[in-house]
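Here are my notes for you to read alongside the model. Keep the viewer open and follow the points in order.

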There are 2 protein chains.
Amino acid sequence: MPQPTTTPPTSGARTSDPDASTVERLLQAAAHAFADKGFHATTTRDIASGAGLSPAGVYVHFGSKEELLFALSRSGHESALRLLRSAIADGATPRQQLVAAMARFTEWHVEQYQVARVVQYEHHHLTPEHHAEVLALRKEMDSLVRDVLDRGVADGTFSVDDSADTALALLSIVVDVARWYSPTIRRTPTEIGATNATLALRLVGAGH
Amino acid sequence: MPQPTTTPPTSGARTSDPDASTVERLLQAAAHAFADKGFHATTTRDIASGAGLSPAGVYVHFGSKEELLFALSRSGHESALRLLRSAIADGATPRQQLVAAMARFTEWHVEQYQVARVVQYEHHHLTPEHHAEVLALRKEMDSLVRDVLDRGVADGTFSVDDSADTALALLSIVVDVARWYSPTIRRTPTEIGATNATLALRLVGAGH
DNA sequence: TCGGTAACTAAGCGCTTGCTTAGTTTCCCT
DNA sequence: AGGGAAACTAAGCAAGCGCTTAGTTACCGA
């Protein structure tokens with residue numbers, strides 16, 4: 001009996017909540033590693049030790065490293081989409097919808113910046129089939145934003161030259177948060193969200 | 001005599017101009033591969049065959065794969081910085097400077113989208129020393145844009161809440177081009193540049 | 001109490017990786 | 001002509017990779 005049962009057989013540094021389920025810990029460790037180093041620079045041993053497992057332990061729950069990326073990417077896209085939809089549903093006018101969508105989507109990118117980074121920058125490492133699946137979700141996000149703009153233009157609140165171009169610029173501002181954000185930055189998610197909502201109103205000609 | 005000299009000993013598909021110098025071809029092949037698959041998913045064999053060399057041929061000109069990334073990243077940052085400076089120098093007013101900077105920097109991201117992708121998304125795979133060197137160039141870009149905004153606010157042309165936040169949003173719109181652009185898109189660099197310049201004027205409250 | 005199933009590990013397999021070594025060819029300078 | 005440096009290749013090495021296999025432990029229902 002070389003080890004008492006209170007000491008788990010972990011060698012690397014944990015990057016996940018020890019109280020979470022094993023699948024949850026694997027997803028957390030993968031999000032941490034993929035966001036930090038990218039999919040290909042992350043080894044399955046990194047993920048395993050981050051979750052407190054041996055290298056083989058990953059394969060009890062996921063068939064491959066790519067399957068882990070897909071699970072993370074799909075659930076990330078789905079929760080982002082859910083957030084966007086609910087923000088838009090909460091607003092009574094296009095103006096309120098745009099403000100809520102920009103603020104809350106930005107906050108998500110800050111609070112979940114590791115998942116957001118995987119969602120925005122790692123999806124092209126998926127297999128063609130998996131990639132096609134998340135691409136459909138990404139197009140849906142784009143449509144949601146463009147529809148808000150179109151409704152605002154229709155009722156005279158917004159004035160934009162091209163709603164597709166403007167929607168892309170709005171999403172660029174939000175998505176790029178996942179690139180530049182670091183937890184060392186002192187601004188809160190709410191502050192960054194409010195800033196981006198204000199910038200959005202300026203972009204659609206409804207700044208005052 | 002197994003092969004006539006007119007057939008080069010290439011196995012993979014070339015991704016570089018055969019008339020360019022060897023170093024040039026290596027940089028082109030590396031830019032192509034890094035932009036397409038990322039630094040870690042690219043093998044030195046990919047780069048070698050893309051440049052029409054054997055795997056060992058890379059090491060005649062570069063000491064390591066990371067050194068290749070650094071050469072590409074540094075020269076890319078330098079040419080981007082040169083472009084920004086010259087665009088700003090050409091404008092007589094802050095308004096003209098902002099329009100020129102946004103349009104030309106955007107065009108560069110489209111025309112050189114492979115290099116731009118490496119510049120914007122691969123620099124964190126550099127060694128700490130090399131990373132620090134390009135970070136200084138990146139901060140300089142940010143300052144250049146913020147200074148244009150500050151001058152425009154000072155002379156009353158622009159109206160922004162916070163010049164740092166607004167500069168970041170402007171750069172987000174430009175940088176993000178390297179993420180979403182694909183050569184299959186039918187819009188020209190000039191059109192995309194003009195769109196982003198117009199969006200920039202709206203963001204700084206000088207849209208008309 | 002015990003059989004079955006699911007979660008897990010130790011060990012390691014086959015392959016690919018970045019890079020090196022030893023040797024060949026090319027070309028320029030005298 | 002011929003010596004030397006530079007550019008290049010064939011072959012391959014050590015390390016690390018994703019993933020598998022064989023076996024152990026823990027737990028749960030009958």
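How many helices and how many strands make up the secondary structure of chain A?

1. **The fold of chain A.** Chain A has ten helices and zero strands; here helices (H or I, at least four residues) and strands (E, at least two) are DSSP runs, numbered from the N terminus. Going along the sequence, the pattern reads α-α-α-α-α-α-α-α-α-α. If you box in the C-alpha atoms of chain A along the principal axes, you get roughly 75 × 40 × 25 Å.

2. **Before you go on.** This is a predicted model, where local features need pLDDT of at least 70, side-chain atom pairs count only at pLDDT 80 or more, and totals for chains, interfaces and linings use all residues. Residues are numbered from 1 along each chain as its sequence is written, chains are lettered from A and ligands numbered from 1 in the order in which they are written, and side-chain values use heavy atoms, with hydrogens and water left out.

3. **Where the chains meet.** On chain A, 28 residues are in contact with 28 residues of chain B, contact being heavy atoms within 4.5 Å. The two chains bury about 2300 Å² between them, 56% of it on carbon and sulfur atoms; buried area is the accessible area (1.4 Å probe) that two parts lose on being put together, summed over both. Look up R179(A), R202(A) and L203(A): they supply 26% of what chain A buries against chain B, more than any other three residues.

4. **Charges across the interface.** The rule finds two salt bridges between chain A and chain B, each a side-chain nitrogen of Lys or Arg within 4 Å of a carboxyl oxygen of Asp or Glu. In one of them, R187(A) pairs with D165(B), and their closest N and O atoms are 3.3 Å apart.

5. **Which helices do the touching?** On the side of chain A that touches chain B, the elements giving two or more residues are α6 (113–121), α8 (163–175), α9 (177–180) and α10 (189–203) of chain A. The largest share, seven residues, comes from α8(A). By type, this side of chain A divides into eleven nonpolar, nine polar and eight charged residues; Ala, Val, Leu, Ile, Met, Phe, Trp, Tyr, Cys and Pro count as nonpolar, Asp, Glu, Lys and Arg as charged, and the others, Gly among them, as polar.
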